[in-house]
Amino acid sequence: ITEPLINKRLQEQEQQLRTSSLPAIPNPFPELCSPASSPVLSPGSLPPGEPSAEIYIVKIFSEDGMGKVVEIPADMTAKDLCQFLVYKSHCVDDNTWALVEHHPLLGLERCLEDHELVVHVQASMNSESRFLFRKNYAKYEFFRNPLTFFPEHMVAWCQETNHTIPQSQLLQNFLATSSCPEIQGHLYMKEVGRKSWKKVYMFLRRSGLYCSTKGTSKEPRHLQLLADLEDSNIFTVITGKKHHGAPTDFGFCIKPNKGRGEMKELRMLCAEDEQSRTCWMTAFRLFKYGIILYQNYKIPQQQKTLLSHFSTPRSVSENSLVAMDFSGNIGRVIENPLEAQSAAMEEGYAWRFTKPSNVFSAVIHMTQLWFHGRITREESHRIIHQQGQVDGLFLLRVSQSNPKAFVLTLCHHQKIKHFQILPCEDDGQVFFSLDDGTTKFTDLIQLVEFYQLNRGVLPCKLKHPCTVVAL
């Protein structure tokens, strides 16, 4: 299929979907809605029609800029397309792959939800926009660690009673339509038609995003509706300071679904830090989709549970692991913490006595998915940000200051840290170490495998490798 033919068919599909889809009707009185009511009558709330058997062309790009053209049915979801690409690219299907809607001219991108229809999203995209196939470890991380995503000072409740919500029930109240949580705090907002940014107190509720026209007042007469959740999507701003003059690097944007992507249609916002931005964006997704997000998260978990019945049951909790000593005739549990730590150190020392299996051990790391070669420090930050800032997300790269050394880039508590891996000699053999020679390894694969099992001098274990796959 030639490139002009692809572009022509994409334009025809875009026009067909735009003319056939129903416009959303905003509710002029969103605050009068009950929590269970939707402030917008969207096409998705109407009775579904007959599924279309028509085939559509979609072009997907990988991180290296290469594209793949695929033909999909009208009812294919983002999750189904990701699984298809995983199969075609021979990747590991670990439910962390995502389809990204990327707008290069606006500097915006977002991960599609698993249930979204790909052709419907494509119909709202401009000609320069594209889909990316990428890892996203943080897509459902808030279900596993909700307290780290919702700081206590940013969460408020609209109930008339003054009782507080237990932290253990935080996520349940976000999902329940009978409760009225809201996110509150100061945000920088870009003024429409101007280059200046203004600091405003805002509230995010199920009915939409509001700003207060008088300090931190929540009185209805002081609230101005900025965006409706049902008719919008939330995007990460990847070039905030460069293209939009943002005051910080933690920008995000609310973009109308039916808009043409012009700047005057966008609500450009900026948070003070990464945790605040993550809180606003996560709450937006929960308020918009609610229990559907939880179902998207649980379905792969349930499938994994069904498959586990055909294999030996095994606990995956790190808290259930104990230190063992197998030096005697029978194994025993090491109950003394100091003895357990000493045993772990001895295990670490034993790693350096492993002899290399072949002459290629010094360069064998180049075949690993977590090794990214000679990339810059800024590039490593970009990759970590893109694939989700969860604890244990890591990559290895060649050091810019020392060509013989390497750097471990690791994410912990939404902060990116760098650890230099230096070569050292012992008995005429070259080893690698990131703790000044205390623990030595014959190659980088051994080093990574060790710190996947032992935290050592790192703030956390290595859990999620940053992976870039060519389509």
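Predicted model: local features only at pLDDT ≥ 70, side-chain atom pairs only at ≥ 80, totals over all residues.
Colleague: How do I read a sheet, and what is the strand order in the open sheet of 5 strands?

Modeller: Strands of a sheet pair through backbone hydrogen bonds, in a parallel or an antiparallel sense. Here the order is β21-β20-β19-β18-β22, and the pairing is mixed. The edges are β21 (429–433) and β22 (464–465); each has a single partner strand, so one side of each lacks a neighbour in the sheet.

Colleague: In what sense do β18 and β19 pair, and over how many bridges?

Modeller: β18 (residues 393–398) and β19 (residues 406–412) are antiparallel, with 5 bridges.

Colleague: Which residues of α11 are buried, and where do they fall around the helix axis?

Modeller: An α-helix has 3.6 residues a turn, so residues three or four places apart point the same way. In α11 the buried residues are S380, I383, I384 and Q386. Viewed down the axis of α11, they fall within an arc of 165 degrees, so they line one face of the helix. These buried residues pack against β18, β19 and β20, and also against β6 (108–111) and β7 (130–135). Just after α11, G388 has a positive phi of about 95 degrees.

Colleague: How many of the residues of strand β10 are buried, and which strands pair with it?

Modeller: In β10 (residues 197–205), 7 of the 9 residues are buried, so the strand is largely enclosed by the rest of the structure. β9 (residues 181–190) pairs with β10 in the antiparallel sense over 8 bridges, and Y188 has K199 of β10 as its bridge partner. The hairpin of β9 and β10 has 6 residues between the strands, and G193 in this hairpin takes a positive phi near 80 degrees. β10 also pairs with β11 (residues 208–212), again antiparallel, over 4 bridges. That hairpin has 2 residues between its strands, and M202 stands opposite C211 in β11.

Colleague: In what sense does β3 pair with β4, and in what sense with β7?

Modeller: With β4 (residues 67–73), β3 is antiparallel over 7 bridges; V58 has V70 in β4 as its bridge partner. The hairpin of β3 and β4 has 5 residues between the strands, and G65 there takes a positive phi near 90 degrees. With β7, β3 is parallel over 2 bridges, and F131 in β7 is the bridge partner of I60. As for burial, 5 of the 7 residues of β3 (residues 55–61) are buried, so β3 is largely enclosed by the rest of the structure.

Methods
Residues numbered from 1 in each chain as written. Heavy atoms only, no water. Pairing = 2+ DSSP bridges. Buried < 20%, exposed > 50% of the residue type's maximum accessible area, 1.4 Å probe, protein only. Arc of directions from axis to C-beta. Contact = heavy atoms within 4.5 Å.
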